[in-house]
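The following note collects points on the structure for discussion.

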Amino acid sequence: MSRVRRAIVAAGAVALVGLSGCADLGYYWQSASGHIHVMRAARPVPQWLDDPSTSAALKAKLELTQRIRRFAVTDLGLPDNPSYTGYADLHRGAAVWNVVAAPPYSLTLQTWCFPVAGCVGYRGYYDEALAQTEAQSQRAKGLEAAVYPVPAYSTLGWLNWAGGDPLLSTFIGYPEGELARLIFHELSHQLVYASGDTSFNESFATTVERIGGARWLATQSSEAARAEYAQFDARRQQFRALTLATRQRLQVVYTSPQAMAKDWTAVEAQKRAVMDGFRAEFATLRSGWPPRQQVAYDGWVARANNAAFGAQAAYDDLVPGFEALFEHEGRDWPRFYAEVKRLAALPKAERHAALQAGLPLTAQRSEREKEPSRAP
């Protein structure tokens with residue numbers, strides 16, 4: 001790597017710290033050095049394709065990602081920039097490991113506040129051991145904590161001048177439909193980002209990935225790829241339905257008369273009953289799955305707690321509101337994005353209330369404007 005390239009990467013990592021934060025020098029260093037490692041490992045996709053040592057399977061996946069990338073720009077209106085035109089083999093199982101924490105009787109996540117990203121419900125580490133240490137620190141404070149692997153992250157477009165976000169070995173092997181959805185999700189973060197609102201940002205990106213992924217599969221994929229993904233996604237939807245029902249049951253427990261009276265012994269017993277039921281229902285569900293997908297969920301279920309459920313909610317809770325907005329805007333991507341940007345400019349409570357109401361405030365206003373005026 002040239003001296004100029006090293007300077008660019010180092011400067012980019014410093015900018016990334018502004019996005020992901022640095023509560024102390026140690027955290028600053030692991031954030032900067034971790035992202036420097038990712039960018040140093042990245043090479044343009046054409047170089048990988050021309051390299052005789054690159055496996056045929058990897059070449060096929062890289063070629064697929066470039067078709068997905070073009071589709072993201074031409075059909076979904078996502079940003080056209082250097083992101084996902086390079087590839088890095090990280091030689092590990094995750095890009096980063098996120099730490100999440102929540103109180104014993106609440107699904108509300110602990111937040112960490114950073115200069116650009118605002119207050120977010122997670123803290124990322126490039127080293128799993130450091131993440132586990134942070135999780136243990138949160139437990140020592142009386143919180144429930146969880147650590148989960150993250151295959152990709154977004155620098156929100158801030159580092160496109162330095163090469164952008166690369167494709168990574170941590171997700172390149174995904175099934176075609178899932179690979180497309182991940183790329184659409186991460187590019188969405190470069191288009192709209194509301195500082196300090198994890199639920200809004202992740203639910204928006206999840207909406208784009210679901211609608212865009214379905215469109216990719218319907219128009220660009222083979223029948224075999226569609227069938228493979230249909231089986232994969234059906235099991236995921238079963239699991240999401242189970243975890244949503246469990247979150248709702250836990251929420252009932254945490255807002256029960258016993259909780260209001262601070263009868264924590266009774267609340268703990270109710271909570272344990274809900275969690276036992278969750279694991280029993282999952283055991284029944286998984287019995288019909290192939291072993292590989294059983295293993296993929298077993299670890300999450302074994303470690304499931306308030307923090308894990310709270311983190312999952314950030315990706316799902318506002319999706320119905322975004323989907324309603326997409327339909328209201330005639331399934332037109334530019335109009336949809338324009339409305340999402342207007343929502344992002346509202347105060348957090350107002351934008352959430354709008355989405356949870358089913359038709360966002362901007363759309364509600366446009367509906368009222370269509371009504372004929374009435375004489376006083």
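1. A cavity is taken here as a set of grid points where a 1.4 Å probe fits but cannot get out, and its lining residues are those with an atom within 4 Å of a point. The model under discussion is predicted. With that criterion, V100, L109, G121, Y122, Y148, T198, E202, A311, A314 and Y315 form the lining of the second largest cavity. The space inside this second largest cavity comes to about 40 Å³.

2. Which elements each supply at least two residues of that lining? They are α7 (198-220) and α12 (306-316). The greatest contribution to the second largest cavity is made by α12, with three residues. Sorted by class, the lining of the second largest cavity consists of seven nonpolar, two polar and one charged residues.

3. The search of the whole structure returned two cavities of 30 Å³ or more. The largest cavity has a volume of about 60 Å³. Its lining is made up of H35, V38, Y84, A152, Y153, D165, P166, L168 and F171. By class, seven nonpolar, one polar and one charged residues line the largest cavity.

4. Strand β3 (residues 96-102) deserves a separate comment. Seven of the seven residues of β3 are buried, so the strand is largely enclosed by the rest of the structure. Burial holds for both faces: V96, N98, V100 and A102 point one way from β3, W97, V99 and A101 point the other way, and all are buried. One of these residues, V100, also belongs to the lining of the second largest cavity.

5. How is β3 paired with β7, and over how many bridges? The sense is antiparallel, and seven bridges connect β3 with strand β7 (residues 144-150). Within this pairing, W97 stands opposite P149 in β7. A further antiparallel arrangement links β3 to strand β6 (residues 123-125) through three bridges. There, V99 stands opposite R123 of β6.

6. About 650 Å³ of space lies in the second largest pocket. It is lined by 28 residues, of which L107, T108, G310, A313 and D317 are the closest to its centre. Two or more lining residues come from each of β5 (118-120), α7, α8 (223-254), α12 and α15 (348-356). The element giving the most to this pocket is α8, with five residues. By class, the pocket lining divides into 11 nonpolar, 13 polar and four charged residues.

7. The last point concerns the covalent link. A search of the whole structure finds one disulfide, which joins C113 to C119 with an S to S distance of 1.9 Å. Which hand does this disulfide have, and why? The torsion about the S-S bond of C113 and C119 is about 100°, so the disulfide is right-handed. C113 has a relative accessible area of 52%, and it is therefore exposed, the threshold for that class being over 50%. C119, with a relative accessible area of 32%, is partly exposed.

Terms used. Residues numbered from 1 in each chain as written. Predicted model: local features only at pLDDT ≥ 70, side-chain atom pairs only at ≥ 80, totals over all residues. Heavy atoms only, no water. Disulfide = S-S within 2.5 Å. Buried < 20%, exposed > 50% of the residue type's maximum accessible area, 1.4 Å probe, protein only. 1 Å grid on protein atoms, 1.4 Å probe; cavity = no way out; pocket = protein on both sides within 12 Å on 5 of 7 lines; lining within 4 Å. Points joined across faces, edges and corners; volume = space filled by probe spheres on them. Nonpolar A, V, L, I, M, F, W, Y, C, P; charged D, E, K, R; others polar. Helix = DSSP H or I, 4+ residues; strand = E, 2+ residues; numbered from the N terminus. Pairing = 2+ DSSP bridges.
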